[in-house]
Amino acid sequence: MAEELIVGGESKKERYSTLLPQVEALINHESDPVANMANISSAIMETFGFLWVGFYRVVGNELVLGPFQGPLACTRIKYGRGVCGTAWEESRTLVVDDVESFPGHIACSSASRSEIVVPYFSGGKVAGVLDIDSSELATFDEVDAEYLEKMMQAFGDSLF
Ligand code: SME
């Protein structure tokens with residue numbers, strides 16, 4: 001992906017199928033992780049128009065805000081706290097249909113209704129998470145998890 005993103009497909013799966021190779025291409029052409037986090041956030045936002053798309057990076061014993069698209073967000077999240085900190089603790093993707101029913105959910109925006117958090121790994125350890133918020137309930141499912149995990153696999157593999 002150079003300067004232009006191709007957004008195509010009727011279904012969510014088709015849109016992800018168009019998006020995934022472009023994200024993989026941008027990661028393959030750029031080694032800087034901040035540049036890649038910024039463009040991955042933009043590419044997902046341009047494709048789907050979610051409320052918030054962005055990264056939190058493991059820095060010491062916290063997650064610290066990285067590149068994102070959307071409204072202002074919380075800057076630091078502790079291990080095991082909120083959806084992001086729980087995904088880090090459990091080293092797995094979390095899909096939350098209704099954030100109000102998730103114990104300890106951190107409300108960065110009152111407009112957020114559902115959320116998916118996908119960890120990325122470096123050297124076998126969680127190095128950070130991709131977080132996506134939706135203003136509607138139950139936006140995310142196994143299709144989002146499958147494709148976003150592929151993107152985070154490619155991103156994690158690019159880290160050194
Ligand atoms: N809701 C997240 C915090 C991050 S913001 O949504 C951008 C959580 O509970 O971890």
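**Loops, ligand and a glutamine**

Okay, let's begin in the loop that runs between H3 and strand E4 (94-96), because that is where serine 91 lies. Keep in mind that this is a predicted model. Serine 91 is not a glycine, yet its phi is positive, near 50°.

You'll find alanine 138 in the loop between E6 and helix H4 (142-158). Alanine 138 is partly exposed, at a relative accessible area of 47%.

Where does the ligand sit? In the largest cavity. As for which elements give two or more residues to the shell around the ligand, those are strand E1 (52-59), helix H3 (82-90) and strand E6 (125-134). H3 has the largest share of that shell, with three residues.

If you want to click along, the residues around the ligand are Trp52, Tyr56, Ile77, Gly82, Val83, Cys84, His105, Ile106, Cys108, Glu115, Asp131 and Asp133. Sorted by class, that shell has seven nonpolar, two polar and three charged residues.

So which atoms pair up with the ligand? A backbone N or O atom of isoleucine 106 is 2.7 Å from a nitrogen atom of the ligand. In the side chain of glutamate 115, an N or O atom lies 3.1 Å from a ligand nitrogen. And for aspartate 133, a side-chain N or O atom is 2.8 Å from an oxygen atom of the ligand. How much of the ligand does the protein cover? On its own the ligand has 310 Å² of accessible area, and the protein covers 99% of that.

Glutamine 22 has a relative accessible area of 12%, and the cut-off for buried is under 20%, so glutamine 22 counts as buried. What does the side chain of glutamine 22 reach? The backbone oxygen of isoleucine 6, at 2.7 Å.

Methods:
Residues numbered from 1 in each chain as written. Predicted model: local features only at pLDDT ≥ 70, side-chain atom pairs only at ≥ 80, totals over all residues. Heavy atoms only, no water. Near = heavy atom within 4 Å. Polar contact = N/O pair within 3.5 Å; in protein donor to acceptor, adjacent residues only side chain to side chain. Areas by Shrake-Rupley, 256 points an atom, 1.4 Å probe, with all protein chains shown as cover. 1 Å grid on protein atoms, 1.4 Å probe; cavity = no way out; pocket = protein on both sides within 12 Å on 5 of 7 lines; lining within 4 Å. Sits in = over half its atoms within 2 Å of the grid points. Helix = DSSP H or I, 4+ residues; strand = E, 2+ residues; numbered from the N terminus. Nonpolar A, V, L, I, M, F, W, Y, C, P; charged D, E, K, R; others polar. Buried < 20%, exposed > 50% of the residue type's maximum accessible area, 1.4 Å probe, protein only.
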